[in-house]
Amino acid sequence: MNIKKVVVCGGGVLGSQIAFQSQFSGFDTTIWLRSEGSIGRTKPKLIHVKENYMKTIEKMNETHTPMDFARGIADSYENFDYEKSLEKVKEAYENLKIELDMEKAVEDADIVIEAMSEDLNAKIEFYKKLAPFLPEKTILCTNSSSLLPSSFMEYTGRPEKFLALHFANEIHKHNTAEVMMTSKTDPEVFDAVVQFARDIKMIPLQLKKEQPGYLLNSMLIPFLFAGFDLYVNGISTPNDIDAAWKYGTGAIKGPFEIFDIVGLKTAYEIVNALAVRFGESGPYNYKGQAQILAQKIEEGKIGLMAGEGFYKYDKEGNKIN
């Protein structure tokens with residue numbers, strides 16, 4: 001299975017990064033979007049991704065330290081070419097395509113990666129619409145972070161060629177790709193996606209069974225919502241909660257800094273689904289967390305990309321409070 005043409009459906013925080021990294025790695029990549037309005041929201045994200053890559057490359061060139069090394073840019077400092085890397089970023093940005101016509105977008109796709117919002121019914125409707133347009137050869141992946149692929153597998157029209165391919169935020173730095181098969185995924189398709197992950201400079205983390213939250217989020221989400229509970233229940237502030245975690249463990253980011261990076265809309269979708277699922281019986285105060293996130297989203301404070309979430313940020317993305 002030779003993957004050459006990549007289509008990413010959705011241009012949000014992760015969709016834009018997945019597409020950019022694929023194009024940066026030499027794949028012919030298209031982003032499919034729903035509307036003209038989606039283009040207006042996606043283009044600034046792509047500019048931000050491009051600038052982030054360029055800043056990372058500049059930092060790598062200045063310091064040559066492990067802390068600043070991004071494995072999605074090069075596999076080692078010995079193989080890192082400063083000028084060539086900058087040129088590849090510019091070419092990726094210029095060559096990345098955006099398409100509104102779904103049928104046209106996927107007409108010769110080798111792999112389609114769905115990176116839509118975490119809404120089960122919306123995903124089902126998306127796959128129903130997509131399925132008739134897909135070529136026989138096309139592998140279909142979901143980047144869903146909280147929904148199991150088996151939840152909408154039957155609507156894809158190709159359960160044997162359907163599986164999960166999940167990325168961490170800032171994928172050029174945190175270059176893991178969790179590849180998770182369903183009970184119906186063809187093992188050869190699974191292996192092809194594992195190889196694709198390697199080809200776009202990711203470290204493939206293989207899951208042979210479905211696991212809610214994959215590997216990373218199975219550990220990360222309880223951590224984030226445990227930290228959030230300390231704020232929701234009036235115990236402490238986001239700043240002090242983050243400080244406790246960072247200074248106590250040596251971690252680079254605390255839970256509220258991570259929320260801002262991920263985006264409060266994504267956090268809201270996850271915690272609201274948990275609030276509906278668990279009601280008052282969950283391990284954390286999901287309802288209270290969802291209310292705080294909803295209020296911030298209404299105020300336009302949706303995280304780092306907007307310049308404010310739990311913290312404020314300057315134009316360079318540096319925290320200013």
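This is a predicted model: local features need pLDDT of at least 70, side-chain atom pairs count only at pLDDT 80 or more; totals for chains, interfaces and linings use all residues.
A residue counts as buried when its relative accessible area is under 20%.

Helix 1 spans residues 13–24. Its twelve residues reach 17 Å from the first C-alpha to the last. That is close to the 16 Å expected at 1.5 Å a residue. Ten of the twelve residues are buried, so helix 1 is largely enclosed by the rest of the structure. The buried residues are G15, S16, Q17, I18, A19, F20, Q21, S22, Q23 and F24. Just after helix 1, G26 adopts a positive phi of about 100°.

S16 belongs to helix 1. Its relative accessibility is 1%, and because the cut-off is 20%, S16 counts as buried. A polar atom of the S16 side chain lies 2.7 Å from the backbone oxygen of G12. Leaving aside residues up to four places away in sequence, S16 touches G10, G11, K45, L46 and V49.

The largest nonpolar core of the model has 48 residues. Within this core, I111, I139, L165 and F196 have the most contacts. Helix 6 (residues 187–199) supplies the largest share of the core, seven residues. F196 touches I3, V6, S22, F27, I111, I113 and L165, again not counting residues up to four places away in sequence. Two of these partners, I111 and L165, are themselves listed with F196 among the residues with the most contacts inside the core. A second, separate core has 22 residues. L224, I241, F256 and Y286 are included in this second core.

Over residues 213–313 the chain is 64% helix and 0% strand. The end C-alpha atoms of this span are 29 Å apart. In the model, residues 79–106 are 64% helix and 11% strand. The end C-alpha atoms of residues 79–106 lie 34 Å apart.

Notes: Residues are numbered from 1 along each chain as its sequence is written. Side-chain values use heavy atoms; hydrogens and water are left out. Helices (H or I, at least four residues) and strands (E, at least two) are DSSP runs, numbered from the N terminus. The expected span of a helix is 1.5 Å times one less than its number of residues. Buried means under 20% relative accessible area, exposed over 50%, partly exposed in between (1.4 Å probe, protein chains only). A polar contact is a pair of N or O atoms within 3.5 Å; within protein, one must be able to donate a hydrogen and the other to accept it, and residues adjacent in sequence count only if both atoms are side-chain atoms. Contact means heavy atoms within 4.5 Å. A nonpolar core is a set of buried Ala, Val, Leu, Ile, Met, Phe, Trp, Tyr and Cys residues joined through side-chain atoms within 4.5 Å.
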